[in-house]
Each structure stands twice: as structure tokens, then as C-alpha cells.
Amino acid sequence: MNIPVPVNAREIGECIYCGTRDAPLGKEHAVPYGLNGPWTLLKASCDACAKITHRFERDTMRSLWPDIRNALAMQSRRRDKRSQTLPLVVEHDGVRETIQVSRSEFPIYLPTPLFPPPALFWRSKPIRGVFTNLDAIHIAGPTFKEASQRYPGANFVGAHTNFSPEDFARTLAKIGFCAAVHGLGLAAFTHTPIRKVILGSDPCIGHWVGSWHGDPVNDTHEGLHAIKVQRSLAGSDIHV
Ligand SMILES: [Zn+2]
């Protein structure tokens, strides 16, 4: 199923994560607000669940992409506080120094976690956590190598990234789940295991969440009676 992307919002009327209708319900951005996401669900999350999702989204954005969002001038609720310099880490013989440099002098990379496909497709038993590698895609400014030439003798020039793969995977799970609910409504997904992954009560995240490198969605896997949803945006797909 390849659903065209409407930019309008969809009203849900119950918490998409826990199912409650008896609490005040707020708005959910499928893709975090700070990443310019297009899909919005109205009356879609209770305070308790929103607190959980906002926590892992915020931590993921701050730890993984604090600079990239500035560099690409994505929307921020605190636009006026955007700084004009960025902290470059320079290490000489184990001594670490942080130097503020202008944007044009900062090597801007997009840290990109790489997951295997969801383990559901290649393992029978769920295991805790998620496997991940981290790639870095050069976006703007000098490369790390070019930047390091300005600091002769330095052992390291760049930036350190310390992030939680589980939080990143939960952010992906939330985006996929919200995109699917936006397309098909919540009724199709009331028993989906992904809710437990998002709320944190299922630690086997890698069983359900991963990267996909093959043909659009594997619909021939034996024993899986899967509903597949594919939401497309220029240059990117979300497979649910
Ligand atoms: Zn809830």
C-alpha cells in the first residue's frame, strides 16, 4: 500500500499509545517538531504517554543532532537562542579542549545510526536492545581532515556523540506508528506490539525496529501475516 502524503492533520480521539479516552488528549507530531515532520495527529496522546515519547525524542535530538539542526536551520521553538558558534573538540596528547568556532569553520556531519532489518525477519527469539553502528555523513563546512589541519599536532579534531540507540529506535518506532495511524486510523493497530516498544515496557526493540535496505517491505516472509504500510516523502520511505 503506498499512501500519498496529506499534510493535514487527523483527529484520533483516544491516546494512540495506551488507549485512554478519559484524560485530556494532546497533539502528536509523527516526526518530531524539530525535524519538520509533516504528519500531525490531533487529540492523540495523554499526558503520561506524551511525557514518555517527548523524553526520548528530546534526548535523541539533543544527543545526536544538536548541531545539524542549527546547520540546516530547521525549526526551533527557541529560534532567538540559536548560537552563532559551535563547540569544536580538539585533543592534544589526551588533553581535551573545546574551542568555539564560527559555523563556516565547523565540520558538520550527520551522525546516522545504522540498524540491521527488524530481527523479526531473521531471528526467531526476541533479544533485548538493538544492534547499531554509527555512520557520519558530511553535510557542510570543512571535513574533519580539513579542520584538523588548522590544529597541527592534534590527535583528534571534531565532536563527540554520545547517544542511546534504544532511544533512537523508539523515536523511529514512534514515527512509523504515527505515520501508519495517520494513514489508516488507530483501529487497525490497537493490538500492535510497537506500542510497548514505544512506551518502554518491551525491551526487545531490535525485534521490531530496524533499517531496511531491500525491496520495499518484505511481504513474502513465511509465517508473518503482516499488514504493510509504506509512507513516502521525497527521498525517504517509512515502512511499517
Ligand atoms: Zn496514553
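Helices here are DSSP runs of H or I with at least four residues, and strands are runs of E with at least two, both numbered from the N terminus. The model is predicted.

**Exercise 1. State how many helices and strands the chain has, and describe its burial and contacts.**

Solution. 
- Step 1. The chain has six helices and 11 strands.
- Step 2. There are 240 residues in the chain, and 38% of them count as buried.
- Step 3. Take the contacts between residues at least 6 apart in sequence: 68% of these join residues at least 24 apart.
- Step 4. The accessible surface of the chain is about 13,400 Å², with 53% belonging to carbon and sulfur atoms.

**Exercise 2. Find the protein donors of the zinc ion and classify their arrangement.**

Solution. 
- Step 1. The donors are the SG atoms of C15, C18, C46 and C49, lying 2.3 Å from the zinc ion.
- Step 2. Four donors count as tetrahedral if all angles lie between 85 and 135 degrees.
- Step 3. The angles subtended by the four donor atoms are 102 to 118 degrees, so the arrangement is tetrahedral.
- Step 4. Along the chain, the donors follow the spacing C-x2-C-x27-C-x2-C.
- Step 5. C15 sits in the loop between strand 2 (10–11) and strand 3 (25–29), while C46 belongs to strand 4 (residues 40–46); the pair therefore ties together parts that are 31 residues apart in sequence.
- Step 6. C15 and C46 are both buried.

**Exercise 3. Describe the largest nonpolar core and the elements that contribute to it.**

Solution. 
- Step 1. The largest nonpolar core has 35 residues, and I16, Y17, F177 and V181 have the most contacts inside it.
- Step 2. Two or more residues each come from strand 4, helix 1 (47–64), helix 4 (165–184) and helix 5 (194–199).
- Step 3. Helix 4 gives the largest share of this core, nine residues.
- Step 4. With neighbours within four places in sequence left aside, V181 is in contact with R10, I12, I16, L41, L186 and F189.
- Step 5. A second, separate core has nine residues, among them L86, V90, V101 and Y151.

**Exercise 4. Locate A9, decide whether A9 is buried, partly exposed or exposed, and list its contacts.**

Solution. 
- Step 1. A9 lies in the loop between strand 1 (2–3) and strand 2.
- Step 2. The relative accessible area of A9 is 37%, so A9 is partly exposed.
- Step 3. Neighbours within four places in sequence aside, A9 is in contact with T40, L42 and H182.
- Step 4. A9 and T40 are 31 residues apart in sequence, yet 4.7 Å apart in space, C-alpha to C-alpha.

Definitions and conventions. Residues numbered from 1 in each chain as written. Predicted model: local features only at pLDDT ≥ 70, side-chain atom pairs only at ≥ 80, totals over all residues. Heavy atoms only, no water. Donors = N, O, S within 2.8 Å, 3.2 Å for Na, K, Ca; no water. Tetrahedral: all angles 85-135°; square planar, octahedral: opposite > 155°, others 65-115°. Buried < 20%, exposed > 50% of the residue type's maximum accessible area, 1.4 Å probe, protein only. Contact = heavy atoms within 4.5 Å. Areas by Shrake-Rupley, 256 points an atom, 1.4 Å probe, with all protein chains shown as cover. Core = buried A, V, L, I, M, F, W, Y, C linked by side-chain atoms within 4.5 Å.
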